Amino acid sequence: MKIISLNKGLGALWYPLIFGLYLCYTPALANKVLRQNQSISQQNQISGTITDGTSPLPGVSIAVKGKPKSATISDFNGQYILSASPNDTLVATFMGFKTAIIPINGKKIINIQLQEDITTLQEVRVNAGYYTVKESELTGSIAKITSKDIEKQPVNNPLAALQGRMTGVNIIQATGTPGGGFDIQIRGMNSMRTEGNAPLYVVDGVPYSSQSLGFSSASSGILAGTTSPLNGINPSDLESIEVLKDADATAIYGSRGANGVVLITTKKGKEGKTKFNLNAYTGFGKLTRTMNLMNTEQYLSMRREAFANDGSTEYPVNAYDVNGKWDQNRDTNWQNELIGGTAETNNIQATISGGSSGTQYLVSGTMHKETTVFPGDAKYGKGAVHTSLTHSTEDGLFKINFSANYNTDKNVLPPSDLTYKAAVLAPNAPALYDANGNLNWENNTWSNPLASLNGRYTANTATLIANTVLSYQLLQGLELKTSLGYTDNRVEESRINPSTMYNPAFGFGSERSTLYVNNASSHSWTIEPQLNWQKKVGGGEINMLAGATFQDQKSSQLSQTGSGFPSNGLIYNLAAAARLKIASNHFMQYKYQAFFGRINYNWKSKYIINATGRRDGSSRFGPGNRFANFGAVGAAWVFSKEVFINNNNNSFLSFGKLRASYGTSGNDQIGDYQFLDTYNVTGNNYNGVIGVQPSRLFNPAFGWETNKKLEAAIELGFLDDRIFLTAAYYRNRSSNQLVGIPLAGTTGFSSVQANLDATVQNTGLELELRTVQFRRRNFNWTTNLNLTIPKNKLLEFPNLESSPYANSYVIGQSISIQKVYHYTGINPQTGLYTFEDYDGDGQISSPNDQRWIEDTAPKWFGGFANQWNYKNWAMDFLFQFVRQKARNYLYNTSWAGDMVNQPVAIGNHWPANGTTSETQLYTTGENGEALDAWSRYSNSNATISDASYIRLKSISLSYTIPTKGSQISTARVYLQAQNLLTFTKYKGADPENQSSFFIPPLRQIALGIQLGL
Amino acid sequence: MKYYKQIQSVLIIALIALICFWLNGCDSFTETDLPQSQLIKTAVFQDVKTATAALSDCYAQMRDYSMITGNSDGISSLMGNYADELTYYGVSDAPLQHFYNHTVLPSNSGVSFLWNSGYNQIYAANAIVEGVENSTAITGDNRNRLKGEALFIRAFIHFYLVNLFGDIPYIATTDFKTNTAVSRQPEADVYNKIIADLLEAKNLLPETYTSAQRIRPNKYTASALLARVYLYAGNWQLAENEASIIINKTALYQWQDDLDQVFLKDSPASIWQLHPGVAGLNTIEGRSFIFNSTPPSIEAVSQELLDAFETGDERKNHWLGSINDGTDTYYFPFKYKLNTNTGTSQEYSIIFRLEEQYLIRAEARAYLSNLAEARDDINKIRQRAGLSDITVNTSEGLLQAILQERRIELFTEFGHRWFDLKRTGQANLILSTIKPAWKNRDTLLPIPASELLANSHLLPQNQGY
């Protein structure tokens, strides 16, 4: 079966390849014909490819020396063509690289390799959202990765490409199942609400809602939550991702910038001849790590001892593992059986781009397919189309830029993840299939885990993000610009629970089958008129920006449950359901407006001051609390330009800058209509009357949460910037915390939305070191090291002791602490776990004895990347490292001796190993004292242990095939891997997602080819 | 050409100025309409229909997500396993298994479900009481009926909470600031408040049902609970009086002689039952208790309960189902006989039925030393079961016979057996021999651990946990 599906996968890959090649050749042949007609007297066609030694460089300006009008620009694949006489000299210039001067000497094909000029990296412009800035003149903190880094990783979610590459940005993959979510925290947890820490995503200038439209009843069993909206963005269409971190960079996003801003920019066409680029890879994935579980011998000896301890002389009728009902010679590694499969990935992308000096375009299409590690035919598919069109009038006064991204995902998965089942199933549990190949129920003594695969979760999502930017230069230095954005998200989800998921002995027919359906959509438009003004004043330059934002987002959701079908064949037809329940039908509207501005003064690129501000209004707050002001000031001093440093021409210090910023930003991620006292329709039917119930506890008086951010940084370049160090210190304080304050159950609810008079501080040190060890013609070696040392602290919390948070937080400690029992070893008499009795009352009880504090926030994290180029070979690798503590397997596993499998380490138990044992006296569950002790143990410091890890996050090896003289301009083969190696002492499966219920991120290896024409 | 350019600039500046004026005037942009898919609270209580929808939701929640639900989250199953009615066969470490084994910890999710769903429904009931009180549009009979039902629900849930957890807060407001920091009140105070609510409900509720189906409580339903509350509180005379009110209302409630018809939705002995929701559905109890393969996937009737049936008791044949797999026979509660849908619904979950009132009156009369009439009441039950009359002539003997009769008549109905063992002080005596992990603390469930963390006023935890 495996072989067939493999062939299918590879076979499917060939069709687009052949079709792509066909497409690519057609216009290339046409070009050839055209070229023959263009005979220019005494001039030769000079052509070639411009590379940086590894990959082609598009956008390089190349001209004949002394004839600026001859200038042309290399295309997407680094190719250029121009006419020149045999004695001319070519000049190739490109930002970030040293200018190359090459005499033609009668040659017709001249390939040029540009040398990177580290110094001028400082000239690279960074996207700050509403404006761009030269990196050297930046007053704020913005981290960036480009398509070069993204392309080296076979990933499906843009956030996966950021992992380990940026300081201050901590990203965790929640599950290895395709379509699942990622958690991102930029500079720590600001909000005490776990869901209030998401950054603002902006795709090509359009705010992109990170709120999922998913229906958790349909997806929570498999995706660790709801489907991630970021899957609607195709990583291979991205040109860059910028993360705005400090006040200077985020204040212009005002109320939505508190948790940082992620700016996603898609690829655009470049001037030059029509280019085709084809990129395809195929890969395989397995789990990174699994648990080391007991085998049958170890397991049964634990069980028997447990029964002996409990004084049972006869095994109970339902203890099938030991009472002889199950074969005691069977030994199955359930992790291999249930989650040990190989996931296949196939990805192909074709791009056409080009354009004249006035109009450039790019169109690309991507197909992506993935299977899973679960048994069965689960799969994920993605199709993406990206277009970009740029036009400017001949006088350059009017410009229009249009971009559109359309993305469809189809995810077909089992309804629930089998990870937990694989860990707890007894190793001598029965075979999955009987002799006839049917699911084996072993005389109804177990529930066959594969039966759940008869259920199915299906999600179809479609995402459209379109943006048009119109700009017109009104006067010299004054530009009017309007950005018009539209996003449209649609989700169709379903989950079926057919009666075949249950043991046939129950006699359930299709009248027990259930269908969950969710149809949701959200669309939003944005208009952002802006005015830019630029003028030289004195020795410097002043830049002003004023603008406004209007956003209107409407969303709707219809979630239904149908049950009781005439036949399982009709299970997708809601009309066939005997009983239909509408779980929810929502209509939401979110309106947002803002006025923003920026004033920047730059004196000879030496002293720079930048002030930004925004006034925001959001419909999520009640009248009277609706508007708020945010603002920031940033300043930079490029001291390396001062005469007293630069006068001796000693190039030891090549660059030096000090910068600092202070300001505020806010957070309105609380959902719509929370300030209204409303009743929801529940869909509960009582004799034909559909019920309504209070939506929430009513509290109209909540307002904006504010976040004050301070940052100071130094940037130093040594030896021609071959060693470049950035060190930043930040301090963010969030106050007036907007939280769902947990309440006692006696209120009827678990929380109420309110502002809490508490202040959370995040401080941290971010270090980045970039070094160039070798910069030779044939060999380059560069290294990037980044390290973040964050610290979270609860600064203020009036009346904490009498609040519902009294047992969750401690002033002066991080907000990710847990207050637990302090485990003090095994009692040599009883063989049970013992704990510290803090209040000395002779009893171990909650909450008075839960005083031990464990912090699960990362202590430090970072990445270490190296890039080697040798002739046509390039190799990149990235190690990601995290120092942290986390809940380990002991937290979720049952007590030792129960009818569930356990890690091998649980075998180290009392009394066999005395008080040095890890595990207490085994019990089958009859020993109440042992269970009490076990319950406290899972809530003690013993279940929180080191979860630090070093992971070879990404490694990529590529070889550029020489293509001199052929139609193909570039040809490259590559081998890429994600999560290849993990070094950790974590007690559990994976130290990244730390989950007992969802599969960890996959270890993936992919082989690919890139062709350019 | 130059002029043209200047005119163009002027026009553009004018346009920008216009846009600025427009922007300035649109602070109201962020005002959204009221949500189309929700109702503002005040609107709910301006119309008797929407207010009835709020009340109907309470009943639907009680049926599906509360302590009286018919599946293994509800007390019929939880306390049936906790006492000696059911034997657990399900998966390891389920909340229900800990009830069966008497290893219930404060972190048990079954315990927090009982607590949280209970108080959630009390909130909904309080919201109706307040909404109706503040409504200008709902008046007269509608107002009395809605408020009466809401007060009844509030008393009903507090009654179960106080019997499961001991001292508990009695919640009579929707104000979360008050409710999040409440303290536990002594059982006696909680009982007084339950009685006060029920007396008021009894006053407000009409004698008639809203429909033939008896799916919303009437005056007699309040009496039925009141009779039980008085019995539990040891107020024998009042218990007897309340039970008699119902028994004497023969125009509404008649004895059902056929054991197979007791649990049908049209039974004239039924005082209050829950509608299954959608037409064609039957009870959750039926779907949950009945099994047709062995071994049972969750639970089966215990050996102790089987042994407790007297020889010749017809209820054993009519109210228990069984399945034999060749070696073992397993029994399940078969009071509700349907575990699938039918064209029209045939069985509703009956919360209060006439037979219990006879048993209440018998017990009250036994305590009041009215032994003859007490015997008559029990014998009414016994005759239907095909058993001979009892002739015991001591109070103690009669009380023991009543306990036995309640055990058989009311088995696996909303924890009757457990509450009887507990209130008569026999739980320790009887269960310590059956449950190896039995401890004295077990007469009360622990307050959920998360609640003690959220509200320190609830401390201390029940003794022994």
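Across the interface of chain A and chain B there is one salt bridge, meaning a side-chain nitrogen of Lys or Arg within 4 Å of a carboxyl oxygen of Asp or Glu. A:Asp932 forms a salt bridge with B:Arg441. Their closest N and O atoms are 3.4 Å apart. This is a predicted model, where local features need pLDDT of at least 70, side-chain atom pairs count only at pLDDT 80 or more, and totals for chains, interfaces and linings use all residues. Residues are numbered from 1 along each chain as its sequence is written, chains are lettered from A in the order in which they are written, and side-chain values use heavy atoms, without hydrogens and water.

Now take the whole interface. 83 residues of chain A are in contact with 88 residues of chain B; contact means heavy atoms within 4.5 Å. The two chains bury about 7100 Å² between them. Buried area is the accessible area (1.4 Å probe) that two parts lose on being put together, summed over both. Of this area, 58% lies on carbon and sulfur atoms. A:Tyr679, A:Tyr686 and A:Thr746 supply 13% of the area that chain A buries against chain B, more than any other three residues.
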